[in-house]
Amino acid sequence: MGLAYNTYLNGDKIFGCKNCKTHLATADAIISRNFRGQHGKAYLFNTVVNTTQLEAVERSMTTGRHQVRDVNCKQCKETVGWKYDKAYEQSEKYKEGKFILEAELLCQVY
């Protein structure tokens, strides 16, 4: 097993881990800003980088039951959001394979 390298993103607005500033996503990857997480405002992203994912679990959320996995910063191991693996409601299927990052756990990296 070799060294784990971080991916560095380019763009006008880059979101990073609030704890260690590791790059996580660009503003261009945001699908929706109309989400809420455990810490308040959250964003739905198409893709994220420099993260690890925990085991999938079933959670009841305000929009129904989902199979999700917590997403941690690869660098400092802080939880920064979650990934939707499966949505049971037909109207929520668009979330499958997408990521939620909570605004309170992010910072803007320049």
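**Figure 1. Lys 77 is found in the loop between β7 and β8 (79–87).** Strands are DSSP runs (E, at least two residues), numbered from the N terminus, as are helices (H or I, at least four residues). Phi of Lys 77 is positive, near 75°, although the residue is not glycine. With a relative accessible area of 55%, Lys 77 is exposed; exposed means over 50% relative accessible area, buried under 20%, and partly exposed in between (1.4 Å probe, protein chains only). The model is predicted: local features need pLDDT of at least 70, side-chain atom pairs count only at pLDDT 80 or more, and totals for chains, interfaces and linings use all residues. Residues are numbered from 1 along each chain as its sequence is written, and side-chain values use heavy atoms, with hydrogens and water left out.

**Figure 2. Asn 50 lies in the loop between β4 and β5 (51–53).** Asn 50, which is not a glycine, has a positive phi of about 60°. Its relative accessibility is 6%, so Asn 50 counts as buried.

**Figure 3. The largest nonpolar core has 15 residues.** A nonpolar core is a set of buried Ala, Val, Leu, Ile, Met, Phe, Trp, Tyr and Cys residues joined through side-chain atoms within 4.5 Å. Phe 45, Val 80 and Leu 101 touch the most other members. At least two residues of this core come from each of β1 (14–17), β2 (23–26), β4 (40–45), β7 (64–73) and β9 (99–102). A second, separate core of seven residues includes Phe 35, Ala 42, Leu 44 and Tyr 84.

**Figure 4. The contacts of Val 80 are shown beyond its neighbours within four places in sequence.** Contact means heavy atoms within 4.5 Å. The partners of Val 80 include Cys 17, Leu 24, Val 71, Cys 73, Leu 101 and Leu 105.
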